[in-house]
Amino acid sequence: MRYSSYFLPTQKELPSDAEVISHQLMLRAGMIRKLTSGVYTYLPMGLRSLKKVEKIIREEMDRAGAIELLMPAVQPAELWQESGRWDYYGKELLRLKDRHNRDACFGPTHEEVITDLVRREIKSYKQLPINFYQIQTKFRDEIRPRFGLMRGREFIMKDAYSFDADEAGAAESYGRMHKAYSRIFERCGLAFRAVEADTGTIGGSFSHEFMVLADTGEDQVISCTSCQYAANLEKAEVSPVSNPAADPALSPLKEVATPDVRTIEEVAAFLSLPPGRLVKTMIFIADGSPLAALVRGDHEINLAKLKTFIGAQSIEMAPPAAIEDVTGAPVGFAGPLGLKIRTVADNALRYMANYVTGGNRKDCHLINVNHGRDYSLNEFGDMRIITPDDSCPRCGAEIEFKRGIEVGHIFKLGTKYSMAMKASFLDDRGRELPFIMGCYGIGVGRTLASAIEQNHDEKGIVFPLPLAPFQVVLLPLQMHDSHVVETSEGIYRDLASRGVEVIMDDRDERPGVKFNDADLVGIPLRVTVGAKSLKSGRIELKARREENGSLLDISDAASGIIEKLSSLNDPLK
């Protein structure tokens with residue numbers, strides 16, 4: 001490929017609306033252009049890299065025994081109503097009506113469609129296990145699209161769905177996908193971590209996220225410094241507190257006036273106590289009913305854990321009017337005493353004594369509160385966000401916090417969809433049983449953007465070779481010098497004939513412009529042909545990751561370039 005016949009609109013200026021480095025560099029390097037909020041066009045360079053990601057995904061999915069198909073993007077509402085997700089999914093679901101006024105949606109995921117296909121086509125255990133996958137455009141109507149391809153509304157996703165006859169088979173399918181995903185991200189040249197995660201709107205009993213480690217990541221990754229435990233912030237478990245050796249002495253309950261003192265920080269300062277001696281009483285609406293959740297003052301509630309603990313489909317903070325209706329007090333003075341609603345508490349409260357709570361009356365708090373004596377509290381669980389002061393829930397060692405970008409997510413779905421949609425098969429004894437399902441997603445564009453977040457410098461992108469749009473950029477520095485041009489043309493033809501992906505910058509531009517664009521676009525190997533070095537029969541090779549280049553005899557140019565490329569190549573292929 002030649003610059004003169006290609007479309008590569010690079011930009012010098014930093015885009016004003018691009019917040020993260022991948023968004024900035026993909027715009028500047030001429031890889032994407034914004035159409036509207038959260039929706040992007042892939043320009044030729046971006047598309048070439050995207051296809052590299054897709055190729056790796058296909059090879060590893062095929063290697064793991066999955067079968068590719070392609071499902072419709074527009075899905076009838078009836079399928080989503082069968083699964084129960086039509087109302088539950090919320091406003092991220094782009095709902096449509098056709099000319100006959102029939103409801104449909106633009107698929108954000110395809111559990112319903114694949115389950116419908118399999119219940120029609122797969123009837124016997126002899127046809128199992130089976131795993132179908134596709135690479136397809138999805139749409140999720142994000143409330144705040146941002147960060148370019150990181151959080152768009154329209155995006156390309158690889159989604160796969162496994163169907164097994166029993167739990168043992170489902171575990172094997174899940175394990176194969178875990179291994180395939182690890183190979184995919186290794187082959188993409190990414191530093192990543194597989195972490196335990198909440199199942200969210202997809203549902204199911206268990207899941208792992210694959211996180212690309214990057215300082216700009218939106219998510220927190222918690223990992224043990226000793227064992228293999230790792231989880232995202234939503235899922236990270238907190239070790240239960242130990243039972244104290246002796247029961248604490250209980251002090252008398254007292255009421256204290258706290259005029260206009262509402263927050264934990266204000267109350268702690270007013271009473272000259274550390275926040276850990278206070279207990280927050282938080283009121284939620286869970287599946288339409290009020291719920292009180294208690295957490296220590298220096299801890300934060302984890303909504304995902306709380307939702308799982310109580311078995312709710314939906315949960316949100318109660319509005320001020322509902323809080324006052326339940327507690328009899330305005331926001332800031334809620335407490336557990338006298339509440340007539342379900343009340344649950346984080347494990348940290350199990351052996352806590354003589355703590356401070358709201359008094360369920362304006363400008364009033366209670367000190368020396370004790371459950372069991374002053375009110376009944378029987379439901380304890382892990383429902384708070386882990387902190388750096390906590391230890392590993394598996395081995396007790398120290399934990400560390402890192403930033404990560406979710407690029408893949410795998411789920412054990414169990415029978416969530418097959419039971420709801422009556423998708424079943426006959427086993428070897430003639431019994432009709434529901435399929436045991438799993439689902440497995442990779443954000444294709446997000447994987448590409450994550451690679452840039454992890455691989456860049458002050459000059460631009462530093463592509464891992466497997467994802468680079470071209471392997472080699474060839475720079476003839478003096479387009480008016482016939483020797484430079486002829487030598488460059490010969491190298492270009494020789495490399496292309498040997499299957500090397502090479503782009504030649506044949507523009508009549510200053511060397512500085514060519515060098516800057518080559519660094520910005522981030523192609524792994526730069527070959528420079530200049531009049532000065534040609535006088536001694538040599539050209540320059542420089543890997544994008546290297547500080548300095550090296551000279552290569554022109555007589556052995558193509559072989560030397562290919563040898564250099566092989567040292568940068570995909571180690572797993």
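**Pockets, cavities and helix packing in the predicted model**

Two or more residues of the lining of the second largest pocket come from each of α7 (264-271), β14 (279-286) and β18 (355-358). Helices (H or I, at least four residues) and strands (E, at least two) are DSSP runs numbered from the N terminus. The structure is a predicted model, in which local features need pLDDT of at least 70 and side-chain atom pairs count only at pLDDT 80 or more, while totals for chains, interfaces and linings use all residues. Residues are numbered from 1 along each chain as its sequence is written, and side-chain values use heavy atoms, with hydrogens and water left out.

Within this pocket, β14 gives the largest share of the lining, five residues. The lining comprises 20 residues, and Arg-262, Lys-280, Thr-281, Gly-332 and Phe-333 are those nearest the centre of the pocket. By class, 12 are nonpolar, six polar and two charged (Ala, Val, Leu, Ile, Met, Phe, Trp, Tyr, Cys and Pro count as nonpolar, Asp, Glu, Lys and Arg as charged, and the others, Gly among them, as polar). The space in the pocket is about 370 Å³. On a 1 Å grid over the protein atoms alone, a pocket is an open set of points with protein on both sides within 12 Å along at least five of seven lines, a cavity is a set where a 1.4 Å probe fits but cannot get out, and lining residues have an atom within 4 Å of a point. Points are joined across faces, edges and corners, and a volume is the space filled by probe spheres set on them.

The largest cavity contains about 60 Å³, and its lining draws at least two residues from each of α13 (511-521), β29 (525-529) and β30 (538-543). Among the lining residues are Val-473, Ala-518, Asp-519, Arg-526 and Lys-542; six residues of the lining are nonpolar, none is polar and four are charged.

Two helix pairs are worth a look. The axes of α2 (residues 44-63) and α6 (residues 167-187) cross at roughly 150° and come within 9 Å (axes are lines fitted to C-alpha atoms, for helices over the stretch in contact, with angles from 0 to 180 degrees between N-to-C directions). The two helices are therefore roughly antiparallel, a term for angles over 145 degrees. In contact (heavy atoms within 4.5 Å), Ile-56, Ile-57, Glu-59, Glu-60, Met-61 and Arg-63 of α2 meet Met-177, Ala-180, Tyr-181, Arg-183, Ile-184 and Arg-187 of α6. Seven of these contact residues are nonpolar, none is polar and five are charged.

Helix α1 (residues 21-28) packs on α11 (residues 444-454) at about 100°, with the axes 8 Å apart. This pair is therefore roughly perpendicular, the class for 65 to 115 degrees. Ile-21, Ser-22, Leu-25 and Met-26 of α1 meet Leu-448, Ala-449, Ile-452 and Glu-453 of α11, giving six nonpolar residues, one polar and one charged.

The peptide bond from Leu-128 to Pro-129 is cis, with omega near 0°, and Pro-129 sits in the loop between α5 (111-121) and β7 (130-139). Asp-287, in the loop between β14 and β15 (289-296), has a positive phi of about 50° although it is not a glycine.

Key. Parallel < 35°, antiparallel > 145°, perpendicular 65-115°, else oblique.
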